[in-house]
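Hi,

Here is the structure I said I would pass on. Have a look at it first, and then read my notes below.

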Amino acid sequence: MSQSLATKILDYNSDTYRDSFSRINGIVIEGEQEAYDNFISLAELLPEFSQELIQLGKMERGHRKSFEACGKNLDVIPDLEMAKDFFADLRQLFKTAEIQQKIATCLLIQSLVIECFAIAAYHNYIPVADNFARKITQSVVKDEYSHLNFGSIWLKQHFTEVKSEIEIANRQILPIILRMLNQVESDVKALGMNKLEIVEEFMVNYGEALHQMGFKTTEILRLSSQALTA
């Protein structure tokens with residue numbers, strides 16, 4: 001959808017738009033906070049990369065502030081309570097892996113799944129966003145690729161030893177991601193986005209990351225299908 005068409009269709013000041021925006025904005029803000037927390041945890045799990053991971057976390061904290069500004073621009077209060085519940089299952093999965101010292105699982109959740117999901121959602125949002133939010137989102141999405149790259153590189157370097165762990169974690173994570181997106185389908189639509197397009201781009205980005213890691217095409221298809229068959 002072109003920006004001009006989106007502007008004609010979407011009334012950014014309508015009650016309907018602002019109501020949905022309060023939840024999506026809350027999710028984005030909380031998502032960036034979750035990412036910050038995850039990178040700080042990863043810095044403790046991977047002390048040899050602590051400085052880089054802490055820096056990535058600080059970038060996520062900066063993103064949170066940027067998206068808070070998007071809500072203020074529309075005079076919308078983000079629904080952070082709903083957002084915390086929204087991430088509960090994924091947060092618990094990360095914390096469990098952290099306690100068990102499963103570095104590969106933690107990296108899969110944060111550096112691959114969450115980043116691929118964010119990139120897909122942000123790309124889908126940019127063409128239909130208000131001018132203020134569009135500029136901020138365009139800036140943020142550039143950073144997300146660096147976060148994705150860190151996880152891909154580490155997992156590729158340790159692929160043989162972590163492959164089975166990744167396969168197990170994948171079966172747990174992908175159904176959660178799809179369920180999360182289904183939960184906010186009506187709000188996503190109200191903001192002019194398309195849930196199926198987000199899913200499609202997520203699966204493409206995630207599949208490419210798995211390929212770079214070392215998985216074969218047939219394995220990627222099997223891993224990807226687990227989100228739909230769970």
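Let's start with α6 and α8, which pack at an angle of about 40° with their axes 9 Å apart. Keep in mind that this is a predicted model. Angles under 35 degrees count as roughly parallel and those from 65 to 115 as roughly perpendicular, so α6 and α8 are oblique to each other. Their crossing is right-handed. On the α6 side, the contact includes Ile-103, Leu-108, Val-113 and Phe-117, and on the α8 side the residues include Val-162, Glu-165, Ile-173 and Leu-181. What kinds of residues make up this contact of α6 with α8? They divide into 12 nonpolar, two polar and one charged.

Next, α2 and α6. Their axes come within 11 Å and cross at roughly 150°. Over 145 degrees counts as roughly antiparallel, so that is what α2 is to α6. The crossing here is left-handed. From α2, the contact takes in Tyr-17, Phe-21, Val-28 and Phe-39, among others, while α6 brings residues including Ile-103, Cys-106, Ile-114 and Tyr-122. By class, the contact of α2 with α6 has 13 nonpolar, three polar and three charged residues.

α2 also packs against α5, a helix of residues 88–99, at an angle of about 5° and with the axes 11 Å apart. Since that angle is under 35 degrees, α2 and α5 are roughly parallel to each other. Glu-30, Glu-34, Asn-38, Ser-41, Leu-42 and Leu-45 of α2 meet Arg-91, Phe-94, Lys-95 and Glu-98 of α5. The classes in the contact of α2 with α5 are three nonpolar, two polar and five charged residues.

Which element gives the largest share of the lining? That is α6, with nine residues. The lining of the largest cavity divides into 25 nonpolar, four polar and four charged residues.

Cheers

Methods:
Residues numbered from 1 in each chain as written. Predicted model: local features only at pLDDT ≥ 70, side-chain atom pairs only at ≥ 80, totals over all residues. Heavy atoms only, no water. Helix = DSSP H or I, 4+ residues; strand = E, 2+ residues; numbered from the N terminus. Nonpolar A, V, L, I, M, F, W, Y, C, P; charged D, E, K, R; others polar. Axes fitted to C-alpha atoms, helices over the stretch in contact; angles between N-to-C directions. Left-handed = near helix turned anticlockwise from the far one by under 90°. Contact = heavy atoms within 4.5 Å.
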